[in-house]
Amino acid sequence: MSSVMWSHIFKKKQSEEERKLQALQSVNIFQGLTAGELKEVEAATYTRQYRLGEYIFRKGNPGNGMYIILQGKVIIFNDTGSGMEKGNILASVEEGNFLGEFSLLDEAPRSASAYCSEDTEAITFFRGDLLDILNRKPLLGSKIILNVGRALSERLRAANRRLQECEDRLEHKND
Amino acid sequence: MTDNQKFIIKLMVFIGSVSAFIYFLPKLSSIIMLLLLSTIFFTIMDPLVDKLERLNISRGISALIIIVLIFFFLGLGIYFLIPHIDAARIGITERLSGTSLRVQLVEWHEALQNHIPFPLDDELPDKITDIVTDFMQHKLPGYLLEISLGIGSFLSSFFMIVFITFFMLKDERSIKKAIIRIVPNKHFELSLNLLYKIQEQLSSYLQGQFLAAMTVGILSSIGLLTINAVFDAKISYAVVIGVWAGLANLIPYVGPVAGAIPAILIVLFSQPDNMFIAIIAIIAMFMVVQFIDNTLVSPFVVGRSVNMHPLTVFLVLIIGGNLMGLLGMMFAVPMAGIIKVTVSEILINAVKYKN
């Protein structure tokens with residue numbers, strides 16, 4: 001009887017941990033990490049529950065880290081003070097997606113607000129946690145930093161491509 | 001509920017909390033003190049545990065190794081210092097005992113009288129001897145009893161500090177998570193950021209203090225031993241005085257003077273042939289050590305953000321002394337540093353997260 005009880009408790013804990021590990025695995029900055037390294041990252045994260053209507057962060061706040069959505073839906077919008085409107089919605093982040101990964105590198109203010117349009121569960125990974133990992137497990141920390149750099153360069157390349165397309169379109173129009 | 005009612009409830013809760021805090025503070029002061037001291041040890045040892053963890057040794061084992069090593073060497077140091085401290089106590093008591101002190105004072109009185117134009121009170125040596133003898137015979141035993149009783153509780157406190165420090169080192173992340181779990185979502189980022197910043201600042205401040213104290217202790221010991229060798233200054237207990245100077249260095253402004261006084265007193269009482277030169281050498285040596293500490297060590301290892309006004313240091317020392325005697329005075333400034341860092345980080349971050 002008692003063994004059944006314990007197995008239930010551990011099963012729950014294990015399945016929760018597995019769910020988090022799976023979510024972390026799907027994030028680009030944690031790709032290429034071994035199972036042990038992922039567990040190390042998981043131990044450094046915090047899990048938060050947000051209710052419908054709550055803000056995860058507000059525009060202008062210092063950016064300190066990233067959020068990985070385990071469950072629910074988050075709307076990213078350009079907060080001008082007049083609240084969320086159709087015109088200022090920038091993106092919608094759902095289960096398995098993540099936001100704010102570049103704030104792991106600097107404390108630049110958040111460029112938009114993150115609003116929960118459903119009850120949401122998220123894992124957070126902050127710059128302090130990354131620095132802690134870098135301190136304790138330099139190899140793992142370097143892998144994560146390298147992945148953030150790679151994601152940043154991909155984003156930059158995409159932005160350059162879009163800029164080039166705009167320029168081409170403008171030239172085409174002028175011709 | 002109207003705004004006025006909400007305000008009154010908030011005010012009542014605030015007054016109730018403050019009253020409860022003031023009521024329980026004396027009862028909780030020893031626990032708070034233990035936690036603060038454990039935090040100091042934790043902050044100093046944490047980077048060492050991190051370094052061991054890098055070698056793929058588990059956190060728990062790393063914490064255990066560092067705790068055992070640090071407290072072993074600390075214990076070893078105390079074990080070797082105790083006979084010296086005891087010898088110093090006996091030596092000083094003998095020198096201050098009635099007859100020899102009176103002879104000494106009469107000699108100084110005559111020498112001083114030859115150099116000043118106005119007459120000194122002839123009974124001055126007797127009066128000073130009476131005061132000192134009365135202190136040594138009647139008041140000192142009481143103080144020593146108080147101190148030895150304090151050492152009893154100090155030992156039990158020491159083991160509690162070791163225990164708390166070990167778990168702080170081992171379960172650092174779990175403790176942080178438990179603290180953050182109770183914070184509402186609205187203040188989550190602010191609190192987490194605050195926790196990192198405070199830890200970062202404290203770490204550099206306390207490790208810096210520790211390194212500076214160690215440097216001053218080692219340099220003072222070497223300096224005193226050198227003065228002994230060069231000037232035959234007969235400064236007994238040079239290493240004990242060096243350790244004392246290092247510890248006293250934790251107290252800004254007062255520390256450097258407090259470090260030099262025992263060495264000068266010992267030279268005054270042992271009266272070597274070149275007493276005057278020896279005293280000048282001691283003062284010069286402590287000035288050089290302070291110069292090295294202030295220009296080469298402290299600016300690089302102790303955070304500038306914790307600089308305190310002399311008046312603040314003075315008040316903090318009085319409060320520390322009142323709460324825990326000499327030990328309280330030693331740790332008062334580092335503890336005030338902890339509080340200052342915490343409050344300033346709260347204020348800086350509160351502005352950043354204002355919206």
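Tutor: Here is the contact, followed by the rest of the fold. This is a predicted model: local features need pLDDT of at least 70, side-chain atom pairs count only at 80 or more, and totals for chains, interfaces and linings use all residues. Numbering starts from 1 along each chain as written, chains are lettered from A and ligands numbered from 1 in written order, and side-chain values use heavy atoms without hydrogens or water.

Begin with the extent of the contact. 31 residues of chain A are in contact (heavy atoms within 4.5 Å) with 23 residues of chain B. The two chains bury about 2,400 Å² between them. That figure is the accessible area, by a 1.4 Å probe, lost on putting the two parts together, summed over both. Carbon and sulfur atoms carry 39% of the buried area. On the chain A side, the residues that lose the most area are Tyr46(A), Arg48(A) and Arg136(A). Together, these three account for 34% of what that side buries.

Now the charges. There are 6 salt bridges between chain A and chain B. A salt bridge here puts a side-chain nitrogen of Lys or Arg within 4 Å of a carboxyl oxygen of Asp or Glu. Follow Arg173(B). It pairs with Glu40(A), the closest N and O atoms being 3.3 Å apart. Arg173(B) also pairs with Asp132(A), where the closest N and O atoms are 3.5 Å apart. Asp132(A) sits in helix 3 of chain A and Arg173(B) in helix 5 of chain B, so this pair joins two chains. Helices are DSSP runs of H or I with at least four residues, strands are E runs with at least two, and both are numbered from the N terminus.

Asp132(A) is buried at 15% relative accessibility. Arg173(B) is buried too, with a value of 15%.

Asp132(A) has another partner within its own helix. Arg136(A) forms a salt bridge with Asp132(A), the closest N and O atoms being 3.5 Å apart. Both lie in helix 3 of chain A, 4 residues apart, or about one turn of the helix. Arg136(A) is buried, with a relative accessible area of 3%.

Shared partners extend the set. One network joins Glu40(A), Asp132(A) and Arg136(A) with Asp46(B), Asp50(B), Glu53(B), Arg59(B), Glu172(B) and Arg173(B).

The structure holds 1 cavity of 30 Å³ or more. A cavity is a set of points on a 1 Å grid over the protein atoms alone where a 1.4 Å probe fits but cannot get out, and its lining residues have an atom within 4 Å of a point. The largest cavity has a volume of about 60 Å³. Volume is the space filled by probe spheres set on grid points joined across faces, edges and corners.

Which residues line the largest cavity? Chain A supplies Ala43(A), Ala44(A), Tyr46(A), Asp129(A) and Asp132(A). Chain B supplies Arg173(B), Lys176(B) and Lys177(B). Helix 2 and helix 3 of chain A, together with helix 5 of chain B, each give two or more residues to this lining. Helix 5 of chain B gives the most, with 3 residues.

Now step back to chain A. It has 4 helices and 8 strands. Along the sequence, the pattern is α-α-β-β-β-β-β-β-β-β-α-α. Buried residues make up 39% of its 175 residues. Of the contacts in chain A with a separation of 6 or more, 74% join residues 24 or more positions apart.

Chain A has a loop-to-loop salt bridge as well. Arg58(A) pairs with Asp79(A), the closest N and O atoms being 3.6 Å apart. Arg58(A) is in the loop between strand 2 and strand 3, and Asp79(A) in the loop between strand 4 and strand 5, so the pair ties together parts 21 residues apart in sequence. Arg58(A) is partly exposed at 31% relative accessibility, whereas Asp79(A) is buried at 13%. Over all chains, the search finds 18 salt bridges.

How values were computed. On a 1 Å grid over the protein atoms alone, a cavity is a set of points where a 1.4 Å probe fits but cannot get out, and a pocket is an open set with protein on both sides within 12 Å along at least five of seven lines; lining residues have an atom within 4 Å of a point. Buried means under 20% relative accessible area, exposed over 50%, partly exposed in between (1.4 Å probe, protein chains only).
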